[in-house]
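Q: Hi! I'm new to this one, could you walk me through a few spots?

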Amino acid sequence: LCLQVPELRKATVRIRQPERVRGIIQSLREQGVAKLQVISDFDMTLSRFGCNGRRCPTSHNILDTSRVISEDGKKKLKDLLHYYYPIEIDPNRTLEEKRPLMVEWWTKAHELLVQQKIHKGDIAQIVRESEAMLRYGHGDFFDQLHKNNVPLFIFSAGVGDILEEIIRQANVFYSNVNVVSNYMDFNDDGVLTHFKEPLIHTYNKNNTVLQGTGYFQQLSSRTSIILLGDSMGDLTMADGVPSVENILKIGFLNDRVEERRGKYLDCYDIVLESDETLDVVNGILRYILTE
């Protein structure tokens, strides 16, 4: 397989069942471009986790630390992060325990943001001033999918308005890109009044929040899936697809690598450890999409 996808030789790549992965990639290629769709998380999956030893911001962070948030608001948002983030990534807690706590965190954070009276007109500038970065190779990734008319479904627990703006400013917001995320609702004066339903957090990225969107029904012939994520919660993102024939799950293991490696290798077909690029994904796409 490394002959066809040389990127799989990278030192960041770990695969527990190489033969199985080879079979899936082969099937994806045989099924062809007309059957393919890509389903991806955004924060820390399409966007970078770190740069020069520093953490890159998520779409929530970009807003939380921007000039439109008061010092008091920033402190409260940071306190929430310090309390709930360890719960989110705690390998010893069950999803049943985590879910209600995630709803609590997102709800409190959204309420705090609403109190800040954020203006719609400020969003582009907030993103421009931030340290948001898409992973190396993002241009190639978005271009390949667009050129081949492969739908890209971005399923994010972040802030939809912010992440759309990041993609727009990178000049890769093409017609094949569809986003489901937490969107802000503004009044006639362009001031944030609330967040639209449904609330999407790390552990409910599945059918339950997709009901009514009908997105996957329209793509019922797209039965080959490449799924990209960086958390256990991302593994259910394809649950709304009617009849999946082949699915390749690629996981970015960004943080606490030693501690979480085993769990990621159990759940993802390919695990990319501390890899800030989309090289492997692009290599696999090139192989599948080339006649």
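Q: Which residues is Thr58 in contact with, leaving aside its neighbours within four places in sequence?
A: Those are Asp43 and Met44, where contact means heavy atoms within 4.5 Å. This is a predicted model, where local features need pLDDT of at least 70, side-chain atom pairs count only at pLDDT 80 or more, and totals for chains, interfaces and linings use all residues. Residues are numbered from 1 along each chain as its sequence is written, and side-chain values use heavy atoms, with hydrogens and water left out.

Q: Is Thr58 buried or exposed?
A: Thr58 is buried, at a relative accessible area of 16%. Buried means under 20% relative accessible area, exposed over 50%, and partly exposed in between (1.4 Å probe, protein chains only).

Q: Where does Thr58 lie?
A: In the loop between strand 4 (54-55) and helix 2 (59-64). Helices (H or I, at least four residues) and strands (E, at least two) are DSSP runs, numbered from the N terminus.

Q: New topic: which residues of helix 1 are buried?
A: Val21, Ile24, Ile25 and Leu28. Down the axis of helix 1, the buried residues fall within an arc of 95 degrees, so they line one face of the helix; the arc is that of the directions from the helix axis to the C-beta atoms.

Q: And what is exposed on the other side of helix 1?
A: Glu19 and Glu30 are exposed there.

Q: What covers the buried residues of helix 1?
A: The cover includes strand 2 (36-40), strand 9 (224-229), strand 10 (246-253), strand 11 (270-273) and helix 11 (279-289).
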